[in-house]
Amino acid sequence: MGKTQHQGPIKVSKKPAPEHWVSPIPFGLGKVKPKHIRDTMKIMWENKDNLNYAKNILTKGVCDGCALGVSGLQDQTLQGPHLCTTRLNVLRLSTMPAMKEEVVHSDINELKKYSSKELRGLGRIPYPLIRRKGESNFSRISWDEAMDMIAEKMKKLDPKQYAFYLTSRGITNESYYVAGKVARFLGTNHIDNASRICHSPSKTALKRSVGIGASSANYQDWIGTDVLLFWGSVASNSSPVSTKYMLAAKKKGTKIIVVNPYKEPAMDKYWVPSNVESALFGTKIADDFYQVNIGGDIAFMHGIMKHWFEMEEREPHAAINHEFVKEHVNGYEELKTKVEEQSWEAIVNSSGVERTRIIELAELLAKSKNAVYAWALGLTMHSFATDNISQVANLALLRGHLGRKHSGLMPFRGHSSVQGSGEMGADPFVLPGGGWDEENVERMEKIWDFELPKWQGDIVGVTLENATLPDDHERKLNLYYMSGGNFLETMPNPDFVEKALANLDIRVHQDIIFNTSTLVEAKEAVIVLPAKTRYEQEGGGTSTSTERMVYFSPEIEGNKQEVQEARAEWKIYIDLAKRVKPETAHLVEFKDGQSIRDEIAVANRDYDGIQHLKKQGDVFQWGGAWLCEDGVCPTRDGKGNLILIDIPSLDKPEGTFYITTRRGKQFNSMVYKETDPFNEAGRYDVLINPLDAKKLDITNEEAIVLYNQHGVFQGKAHFADITEGNVGLHFPEGNFLIPKGVYDGPSGIPQYSIAVKVEKAERFNARKDVDYLEDRVEDLEMEV
């Protein structure tokens, strides 16, 4: 049977639905809410020096913001124009002029006074730069000098001693593919990408549970499903256009449920600026919130399944889709035994949710013919993240909510084309079209016509740790080549990260702007290379959305403020290969973007179709409308696997809290506003439950300190509707409390949750002379 194809954008009802309004008072006057119209006007003013080019990016380019995949002003979900503040906020990165010379070459200590946001505002990197050890400023260098210096260093090193990393800031599939190919051609498997620190557990878990590495469903499946379940996701903040899909879903009768420790205001009420009705009266998004403990999701899902099996005892077929399970699922009896072993007491204690509430959601899902399970970083940033996602897959498999319209599993990606990074092979465990298994390695060696290094490459976190190894260690990292990214603001323990970055001989920053990590020293030299944006890439490029849509974004001409010396990222990688291995570099040569797409179609068979994308608006969806269609999974036996998951040990000593990091008005680590417009929290505000605060004699807005053996965070109490025993901090400000080197075993994502103590600042500071932080705090020697 052929795969069902996506039907393209659909019409939605324009009929007003007052039952979903937040308030009959227009524009939410008097309420805490974003000022979308005012923000849009500010952004237009910011781009006034390059307005025509800005307009062409918005109307012709594929969004380089979130992973919804808006091409021009259209997408594949709903008819009509779509534009959001996230896209507008990243627009300036593509329209701004180069930095002024006197700024580029100013004293490094002056530049270090700037935040990343302020550095971003200085403009684009104008030409290649170098700062040698001991120098107090960057000097101009030619492309030839820069590339020769990098190549000469690589020739002297064992390939295990250099690494590549690619972020997801608008990078195209073509650049990911060439980077992955060049890294292997040069002999290293140390290549990683930004999904390692966001959705790598989603891919790992979905592979083992149902054999896929991407969303099985589409955004259209939200519209008319019985239940749309968001797990640890603030979709409205990371991908504002998605609120239009939610509004359309609600009008079709979909119930939207949010599982999250904090009752995120943006998932409760939202004003969609591009929908007149919602812009005026707002939209009530969530029908219900289930406020779990941080790390309590696995127990919560055990509770849902436990109640399903209790329902089955009373009435067979009341909760489990036995027909689907029998035909398409392995491990049913084993899972049933495992779940029935869990006590309600343990489930309630770990999840933080009352049994009656768990039963409510269990019965809603049991009665729902269809459900879409969407999740984000609230499930992935744990040392048991892969288990979290496999537990979600368990729910979907038991109910048969997979492989058909209005049902499925959806990792809610944050960045444009980060889905493509692993699919192109820019990953230590992955090659285009498959994993690092013997069969796929052999296949790729035939396609590429060179031998691949057979040792296992390291993930980004371990690579940074390798920078601090002794000089005689075979994996001592001496050169790190980074396309974008700022580990100081994305990785745990920024103090350690800074030491690691400074301990490299050579660090290459291929980027469009400076950030705080660009300014860190190196033992020999820091080399900065100016990259072109997605919209400047000759011949255009492609990106892959959350729902597996591969979009073509054309080259957009007319940039009045073009950086003359900037180069397309994939071209820089080929140039490097020619200098390191000139005799055989023809093996990685591409004459243009089209020839890269032609090869991608062969290397990754899912992407057969990418070679036909040539002009604005061209798009295809790999895998068809639904993966695992009709329940048939791309696993060895075609069945989904129910995975037995243990409830993590989360026994908190009296008086300690778990922290979770969250995003405010920002895009990943790029902060756009110092105050979150949804809850008026500042960057150093700590979200805390008023009942917890009362026990500690803490008042709202009082100075407080959070501490553990890894660090100290000084902030302000901000009373919020967050589960007792849990506190929320902004990312990346809260990363000083998080230890390095703790990962989810299967996927390699760092853990971003940890136990802390909370105290009034005056009490903490009065006790400083006791020096009690010098001793290990035994009851915090625990891992989530």
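Is D458 buried or exposed? With a relative accessible area of 13%, D458 is buried (buried means under 20% relative accessible area, exposed over 50% and partly exposed in between, using a 1.4 Å probe and protein chains only). The model is a predicted one, so local features need pLDDT of at least 70 and side-chain atom pairs count only at pLDDT 80 or more, while totals for chains, interfaces and linings use all residues. Residues are numbered from 1 along each chain as its sequence is written, and side-chain values use heavy atoms, with hydrogens and water left out.

On to the charged pairs. Searching the whole structure turns up 47 salt bridges (a side-chain nitrogen of Lys or Arg within 4 Å of a carboxyl oxygen of Asp or Glu). One of them joins the side chains of D458 and R475, at 3.0 Å from N to O. D458 sits in the loop between α22 (438–448) and α23, and R475 in the loop between α23 and β15, so this pair ties together parts that are 17 residues apart in sequence. Helices here are DSSP runs of H or I with at least four residues, strands are runs of E with at least two, and both are numbered from the N terminus. R475 is buried too, its relative accessible area being 16%.

K160 and E474 also meet through their side chains in a salt bridge, this time at 3.8 Å, N to O. This pair links distant parts of the chain, 314 residues apart: K160 is in the loop between α7 (143–156) and β3 (162–166), and E474 in the loop between α23 (460–466) and β15 (479–483). K160 counts as buried at 17% relative accessibility, whereas E474 is partly exposed at 48%.

A further salt bridge pairs E538 with K532, whose closest N and O atoms are 3.1 Å apart. Here E538 is partly exposed, at 27% relative accessibility, and K532 is buried, at 14%. Beyond such pairs, a network of salt bridges links D144, D148, R567, D575 and R579.

K336, in helix α16 (residues 332–341), counts as buried at 17% relative accessibility. Leaving aside residues up to four places away in sequence, K336 touches F309 and E313 (contact means heavy atoms within 4.5 Å).

Then there is the nonpolar side of the surface. I37, M41, M44 and L51 form a nonpolar patch there, with about 400 Å² of accessible area together. Patches take residues with over 30% relative accessible area and no salt bridge, joining like charges within 9 Å and nonpolar side chains (Val, Leu, Ile, Met, Phe, Trp, Tyr) within 5 Å; accessible areas come from the Shrake-Rupley method with a 1.4 Å probe, and for residues only the protein chains shown count as cover. Helix α1 (residues 36–46) gives the largest share of the patch, three residues. M44 lies in helix α1 and counts as partly exposed at 44% relative accessibility.
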